[in-house]
Structures are given as C-alpha cells and as structure tokens.
Amino acid sequence: MADIKARIAKRVAKEFKDGDVVNLGIGIPTLVPAYIPDDVVVTVHSENGFAGLDTTVTELDKINVDIIDSGGAWVNVVPRVKYFDSATSFGIIRGGHLDATVLGAMQVAENGDLANWIVPGKKVAGMGGAMDLVVGAKKVIIAMTHTQKGNHKILEKCTLPLTGEKVVNIIITEMGVMEVRPEGLVVTELHPDFTKEDIQAATGCKLIFADDLKAMEEE
C-alpha cells in the first residue's frame, strides 16, 4: 500500500508548476511535497493558518509541537513560511488565490461531483475546509486509491453526501490519470501495471480513453 500511495503522490507532484500556491488535504496529499522537484518552487498553504508547509515530520526528535497541518500532523516548514489567522487563511481560499488543491475522496462522480467528508452513521474527521477549497481553488485534484476494499469509488453518481457539485478537474489513482471533461471521464494516462479492461472493471462508470493515451509516469 505504501508503494501505491507513493506512486500517486509522485504523479500528483507533476501537476504543479513553478510559483504555484496549493493546498493539500489529509492522507495521500500530505505525501506530495516529498516529490516536488527541487527546481519547482511551490508554496503549500495549510488552512489552519500558514503558507510554507513542507514534509510531514518522521523523526520524533525533530518535532516542533507548535507546528501542525490542518489534519493535526506535525510538519516541517520552509524558511519562507508565513503564519496568519484563520480569517486570512480562508480569505486566501475563498478569494481564489490557490492555484490548486489536492484532496482525498470517498467517492467521485463522472461529472466531477465529490463526496469526501462524511459517511452517514460513522464518526469521521469532519468537513474541515473542503467545501471552501473545492470552490475557491482554480484546480481540484483528487489523489486516492482507485477502489476501497474492492468497492468502486469512481461512480456514475455519488451515493454519499456531497462536498461539492461538478468541482473535480482531475483524478489520480494508482491505475491512471482521469480528467473530467464535458464528454465524460477521460483516461489520459494508464499505469503499465494495468490494462484498459482492468481500470474499467475497477470503475463504476463508463470511461473514455484518450486518443493520445500514454503511460502514467512514476519518475
């Protein structure tokens, strides 16, 4: 599973360009900073009040207990980090100043609907800034495993409560890269470990394969 998550995070990192300001959700998105190329300067925003997030802290003796991300994990920051209050933080989001947000998902529909905040009857972390992020960021990238215990997560229509309607631009899983387009969900990259039949069988809606379909890159 760790290799699969790293594969997804590496591919997500390729979506950023020099100068981007992005927000990363909890889970797989937190792995992305480790794979951003050294020659690409990306400022990572955390909705709990700072811009300049780096990697998650993995060595206990290097923890700064005063610095956590929006999911409550201890994190490193870059030298240019800036701290601010929640009002400013959400002003950045709602004001359209984020080039992208990377979020996990429980379900995504072929039209870009997103459900990622609650399963009725179960205790979950909560909404956080997701509803603001999906409408405030210029690009919404979903980073997730393709299925959950064999169950489809990419569907014709979400069955869980929605975070946002028609907000997702791109989905990146261990199987490939899919773009939400007017004609449907288009697979633009397919990982060499899988066939077209494999990814279609793991998906709960009809996929369209791009004419220029290419292999999903890991490096």
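This report walks through the fold of one protein chain, from its overall build to a single residue.

**Overall build**

The model is predicted. The protein chain holds 4 helices and 15 strands. Its C-alpha atoms fill a box of roughly 50 × 40 × 30 Å along the principal axes. A compact globule of 219 residues would have a radius of gyration near 17 Å, and the protein chain agrees, with 17 Å.

Of the 219 residues, 46% count as buried. The accessible surface of the protein chain comes to about 11,100 Å². Carbon and sulfur atoms account for 52% of that surface. Contacts also reach along the sequence: among those between residues at least 6 apart, 62% join residues at least 24 apart.

**The sheet**

Ten strands form an open sheet with mixed pairing. Their order is β4-β3-β2-β1-β5-β8-β12-β13-β14-β15. β4 (75-83) and β15 (207-215) stand at the edges. Each has a single partner strand, so one side of each is left without a neighbour in the sheet. On average, neighbouring strands of this sheet are turned by 30° against each other, direction ignored.

Strands of a sheet pair through backbone hydrogen bonds, either parallel or antiparallel. Two pairs from this sheet are set out below.

| Pair | Sense | Bridges | A bridge partner pair |
|---|---|---|---|
| β2 (residues 43-46) and β3 (residues 50-56) | antiparallel | 2 bridges | H45 and A51 |
| β14 (residues 184-190) and β15 | parallel | 5 bridges | L190 and A215 |

β14, helix α4 (residues 196-201) and β15 make a right-handed β-α-β unit.

**A closer look at G176**

G176 lies in strand β13 (residues 176-181). In the sheet order, β13 sits between β12 and β14. Is G176 buried or exposed? G176 has a relative accessible area of 0%, so this residue is buried.

Which residues does G176 touch, leaving aside those up to four places away in sequence? They are I171, E189, L190, H191, I199 and M216. Among them, L190 is also the bridge partner of A215 in β15.

G176 and P192 are 16 residues apart along the chain, and their C-alpha atoms are separated by 9.0 Å.

Definitions and conventions:
Residues numbered from 1 in each chain as written. Predicted model: local features only at pLDDT ≥ 70, side-chain atom pairs only at ≥ 80, totals over all residues. Heavy atoms only, no water. Pairing = 2+ DSSP bridges. Axes fitted to C-alpha atoms, helices over the stretch in contact; angles between N-to-C directions. Rg over C-alpha atoms; globule rule 2.2 N^0.38 Å. Buried < 20%, exposed > 50% of the residue type's maximum accessible area, 1.4 Å probe, protein only. Contact = heavy atoms within 4.5 Å. Areas by Shrake-Rupley, 256 points an atom, 1.4 Å probe, with all protein chains shown as cover. Right-handed = clockwise from strand over helix to strand, strands pointing away.
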